[in-house]
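This report is meant for someone meeting the structure for the first time. Please look at the sequence and the model before reading on.

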Amino acid sequence: MPDDQPYSRPPIIEAVVDLTVTPPLTNKELEQVRIQFKEEYRAIEELRSFKVTVGPKSVASEPALAGYKMNAANGCDVMLLQKNKIVTSRLAPYPGWDRFFSKAKNNFDGFVKRVGRREVIRIGIKTVNRIDIPMRQIEGQRISEFLRLSVFVPDAFARRVKNHALSIVFSHPDHPVDIIVNSSTLNQVLIGHASFSLDIDVVMASGIPLHYDQMWDAIASLRSVKDEVFEQCITDRVRELIR
Amino acid sequence: MTMPEYITPSASEASCLAHPLFKVLITTQAKSDITQSSGVSSSNSPIVAAASIAPVSSGAQSGLARSMLGTSDLIRDRASRSLPENKSLSEKTFDALVNLKVLTAQYAAHLAPAEQKRLFESLDFMLDPDDWHEEDELPKPASFLDFMKWSIYSQWFNWTSLGLSEEGLFLVAWRTDSISLDASFLGNGTVRWVSRTQMDSGVDVIAGNVALTSFAQYVSFLFRPRETDDEAN
């Protein structure tokens with residue numbers, strides 16, 4: 001268990017640092033970045049954008065390079081490159097914030113080294129969590145026994161909810177960010193379990209420092225925000241399951 | 001072109017972008033009877049381009065539900081994606097290996113680090129490009145997912161070896177001094193298996209084709225502590 005991880009079975013399935021930059025990359029620059037990282041992320045998929053026009057008599061499509069999705073050999077580290085984005089993603093097992101943060105920073109440093117300075121106009125920190133609950137513990141229970149944010153359901157049906165889906169956007173009282181929380185019931189991932197997703201996006205779209213060191217300080221400060229939101233959204237019953 | 005309501009400006013774009021069904025924009029201009037759509041797809045799968053329009057035009061998913069398809073749409077997508085035909089055999093094998101490791105991420109919270117390490121080492125060995133031939137069938141992700149689900153459900157991680165059938169199904173073997181068990185995970189929630197147990201009177205051979213949960217019960221029964229084991233201990 002990483003030093004900075006309080007749970008032995010953290011429910012994080014994916015952690016993401018998503019940086020939107022301007023001006024966008026050219027195709028040539030996109031290719032240069034791909035080459036820069038191809039040894040580290042060897043499984044590469046090309047992403048194409050396409051525009052399809054359906055007319056009365058014909059259908060035309062115009063494909064174009066949109067970016068690359070690049071997987072490391074460990075299957076856990078992923079980089080997504082687009083003309084206006086560099087995304088560092090880590091699939092489970094989550095190595096802890098410090099290592100993940102370093103990875104994202106190193107990727108961005110390599111990106112800038114290759115294509116030159118870009119202004120970051122949006123920062124997104126996302127954690128995708130899946131909470132698996134044994135059926136015997138959840139049958140006949142209210143969702144609020146596990147999640148502290150849920151759809152209000154009248155008492156007559158509250159213990160009979162089969163599926164739920166919700167999305168909430170709110171601002172943070174102390175940080176200049178928006179927080180987007182999505183949760184829904186997932187199809188059976190494990191035998192004998194019910195699973196909920198709990199996706200937390202922390203988005204900074206204004207006031208981003210131009211100086212990169214300060215920008216990474218700002219990103220580092222968002223860690224406490226995502227952790228706070230997660231802790232606020234789960235109950236002790238979930239903590240028992242992942243501890 | 002107007003932005004459809006289901007595109008939410010959130011960080012979820014990041015993982016969504018990896019999902020070819022996700023980044024589809026479509027508008028309909030009723031007056032001119034012209035429909036335009038655009039989006040992002042993986043070039044590796046020609047199926048994707050056609051498929052990517054379908055969910056949007058069906059209007060089946062609201063913006064809310066769509067924005068919730070997080071992560072692991074990337075991961076789930078992996079389970080059904082076909083591998084590109086224009087890659088070398090070595091690249092295809094490597095992609096298949098990474099694909100299985102990506103799928104494992106769904107279950108990482110339920111796997112001890114040592115188990116995952118052992119599993120990955122076996123996958124690395126199994127999918128060694130140097131030992132792979134063009135006619136070999138790459139592993140079926142659905143079969144692997146069944147194996148993972150079953151392992152976590154049964155908590156029976158002490159397999160002896162992993163392999164692949166000619167159809168790309170996962171073959172799992174267990175061996176003890178007196179018992180051998182071979183199972184093929186069919187990728188449809190069932191397992192085909194055969195066991196051989198050395199008895200005083202000879203070898204009992206039993207075979208079956210059962211659901212994952214039933215197979216867990218059988219394995220637990222087959223490898224139960226026996227009186228002779230107790231005496232030996």
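## Basis of the report

This is a predicted model, in which local features need pLDDT of at least 70 and side-chain atom pairs count only at pLDDT 80 or more, while totals for chains, interfaces and linings use all residues. Residues are numbered from 1 along each chain as its sequence is written, chains are lettered from A and ligands numbered from 1 in the order in which they are written, and side-chain values use heavy atoms, with hydrogens and water left out.

## An open sheet in chain B

In chain B, five strands form an open sheet with antiparallel pairing, in the order S3-S4-S5-S6-S7. Strands here are DSSP runs of E with at least two residues, helices are runs of H or I with at least four, and both are numbered from the N terminus; two strands pair if DSSP finds at least two bridges between them. The edges are strand S3 (161-164) and strand S7 (202-211) of chain B, each of which pairs on one side only. From one strand to the next the twist averages 15°, where axes are lines fitted to C-alpha atoms and angles run from 0 to 180 degrees between N-to-C directions.

Within this sheet, strand S4 (residues 170-175) of chain B pairs with strand S5 (residues 179-185) of chain B in the antiparallel sense over six bridges. Trp174(B) has Leu181(B), in S5(B), as its bridge partner. In general, strands of a sheet pair through backbone hydrogen bonds, either parallel or antiparallel.

## The buried side of helix H1 in chain A

In helix H1 (residues 27-37) of chain A, the residues Glu29(A), Leu30(A), Val33(A), Arg34(A) and Phe37(A) are buried, a word that stands for under 20% relative accessible area, with exposed meaning over 50% and partly exposed in between (1.4 Å probe, protein chains only). These residues lie on the same side of H1(A), because they cover an arc of only 145° around the axis, the arc being that of the directions from the helix axis to the C-beta atoms. The elements that cover the buried residues of H1(A) include strand S2 (43-54), strand S3 (59-71), strand S4 (77-82) and H2 of chain A, with contact meaning heavy atoms within 4.5 Å.

## Salt bridges and cysteines

A salt bridge is counted when a side-chain nitrogen of Lys or Arg is within 4 Å of a carboxyl oxygen of Asp or Glu, and by this rule there are 25 salt bridges over all chains. One of them joins Asp98(A) to Arg223(A), with the closest N and O atoms 3.8 Å apart. Asp98(A) lies in helix H2 (residues 97-115) of chain A and Arg223(A) in helix H4 (residues 212-233) of chain A, so the pair ties together parts that are 125 residues apart in sequence. Asp98(A) is partly exposed at 46% relative accessible area, and Arg223(A) is partly exposed at 22%. Asp98(A), Arg223(A), Lys226(A) and Asp227(A) are linked in a network of salt bridges.

Another salt bridge, between Asp201(A) and Lys126(A), has its closest N and O atoms 3.1 Å apart. Asp201(A) is buried, with a relative accessible area of 0%, and Lys126(A) also counts as buried, at 0%. As for cysteines, where a disulfide is a pair of sulfur atoms within 2.5 Å, the count comes to zero disulfides over all chains; Cys76(A) is buried at 3% relative accessible area, and Cys233(A) is buried at 6%.
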